[in-house]
Structure formats: C-alpha cells, structure tokens
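Student: I would like a close look at a single part of this model, followed by whatever can be said about its surroundings. Please keep it plain.

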Amino acid sequence: MSQKSERAIIVRMIAILVFIYYMYVLLKHSIFTRILSGHAMRGLELIPFQNTSALGSLFKASTWTNADALTPVAGHIVFFLPLGFILPFLDKRTKTYLPILGVAAAISFSIEILQYLTKSGITSTDHLLLNLFGATLGYLLYKALRYAYMNS
C-alpha cells in the first residue's frame with residue numbers, strides 16, 4: 001500500500017470518528033438535553049423570515065447590537081458548519097455541494113421534526129435555512145483549505 005493511500009485511510013478514519021462525535025454533540029444539544037430538562041416547548045413556524053423567528057431577527061437593526069438576539073442565529077450556523085466540512089472526507093459521493101446540501105437538509109429536517117414530536121424546541125423553516133447556510137459555509141471552508149493545500 002502506498003503512503004498516499006495509507007494517509008487517505010487515516011484521514012477517513014479520523015473523519016468518521018469526528019463525524020460520530022459531532023452527531024452526538026449535535027443531537028445532545030438540540031434534542032436530548034432539552035428533553036431531560038423537563039421543559040416542554042413546542043412551536044411551529046412554517047413561514048420563513050417571520051419577525052419571531054431566528055432568521056427574521058437578522059433583518060432588525062437591533063439584532064446586530066444585541067448579543068442575546070444574535071446568538072440563536074449564529075448558533076444554528078455554527079452547529080452545522082462542521083457538517084459541511086467533515087462530509088467530503090467521509091465518502092467520494094459527498095465531495096460535491098449538492099450531496100452535502102442533501103445530507104445537511106435531511107439531518108436538519110430530522111432534528112426539527114424530532115424537536116416538534118418531543119416538545120423540545122421550536123420547529124422553524126428559518127432553522128432549516130440557517131443550518132443549510134452553516135453546512136454551506138463549512139463546505140466552502142473545506143474547498144478553500146483543499147485548494148490551498150493542493151496548490152502549496
């Protein structure tokens with residue numbers, strides 16, 4: 001086995017371990033911690049960009065000067081950024097943008113449905129859009145770092 005293929009196997013194994021840990025943290029934060037807290041909360045926001053939702057608050061000037069208002073928005077983006085970065089290392093089929101977007105949408109949608117069913121959060125189209133934006137940023141980061149590595 002060549003040194004290059006050994007390195008690829010090691011990188012893939014590390015990516016699998018990081019992905020498993022990432023999914024654990026994501027589900028723990030978005031579902032299980034809220035269920036175990038005993039604080040039931042259920043909401044459904046299907047119309048994007050409503051003022052009551054995280055994404056709608058981005059368009060208010062007061063959001064940018066209030067850290068408490070910006071935190072939920074940034075949180076959705078930050079929590080899905082690693083997904084867009086890790087997925088290309090896992091499988092050749094996830095080295096392009098559309099499969100990344102599909103996997104991110106499936107995971108995000110599943111979390112939103114689970115939150116609704118378990119009364120552990122607000123189910124919102126804005127959350128889905130922010131999560132997809134986070135995964136997109138992660139993928140762009142992967143592409144930028146890969147380009148820099150390949151051209152160095």
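Student: How many residues line the largest pocket, and which of them lie nearest its centre?

Tutor: The model is a predicted one. In it, 17 residues line the largest pocket. Those nearest the pocket's centre are Ala8, Val11, Phe89, Lys95 and Arg146. The space in this pocket comes to about 670 Å³. Three helices each give at least two residues to the lining: helix 1 (3–36), helix 2 (67–90) and helix 4 (125–150). Sorted by class, the lining of the largest pocket holds ten nonpolar and seven charged residues, and no polar ones.

Next, the salt bridge. The structure holds one, by count. Arg93 and Asp91 are its partners, and their closest N and O atoms are 3.0 Å apart. In general, side chains of opposite charge can pair when their charged atoms come close. The two partners can also be described by accessibility. Arg93 has a relative accessible area of 66%, which is over 50%, so Arg93 counts as exposed. Asp91 has a relative accessible area of 26% and is therefore partly exposed.

Now the strands. Strand 1 (residues 41–45) and strand 2 run parallel and are joined by five bridges. One of the pairings is between Leu44 and Thr123, the latter being the bridge partner in strand 2. Strand 2 is largely enclosed by the rest of the structure, because four of its five residues are buried.

Lys119 has a phi near 55°, which is positive although the residue is not glycine. Most residues other than glycine have a negative phi. With a relative accessible area of 40%, Lys119 falls between the cut-offs of 20% and 50%, and so it is partly exposed.

Key
Residues are numbered from 1 along each chain as its sequence is written. This is a predicted model: local features need pLDDT of at least 70, side-chain atom pairs count only at pLDDT 80 or more; totals for chains, interfaces and linings use all residues. Side-chain values use heavy atoms; hydrogens and water are left out. Buried means under 20% relative accessible area, exposed over 50%, partly exposed in between (1.4 Å probe, protein chains only). On a 1 Å grid over the protein atoms alone, a cavity is a set of points where a 1.4 Å probe fits but cannot get out, and a pocket is an open set with protein on both sides within 12 Å along at least five of seven lines; lining residues have an atom within 4 Å of a point. Grid points are joined across faces, edges and corners, and a volume is the space filled by probe spheres set on the points. Ala, Val, Leu, Ile, Met, Phe, Trp, Tyr, Cys and Pro count as nonpolar, Asp, Glu, Lys and Arg as charged, and the others, Gly among them, as polar. Two strands pair if DSSP finds at least two bridges between them. A salt bridge is a side-chain nitrogen of Lys or Arg within 4 Å of a carboxyl oxygen of Asp or Glu.
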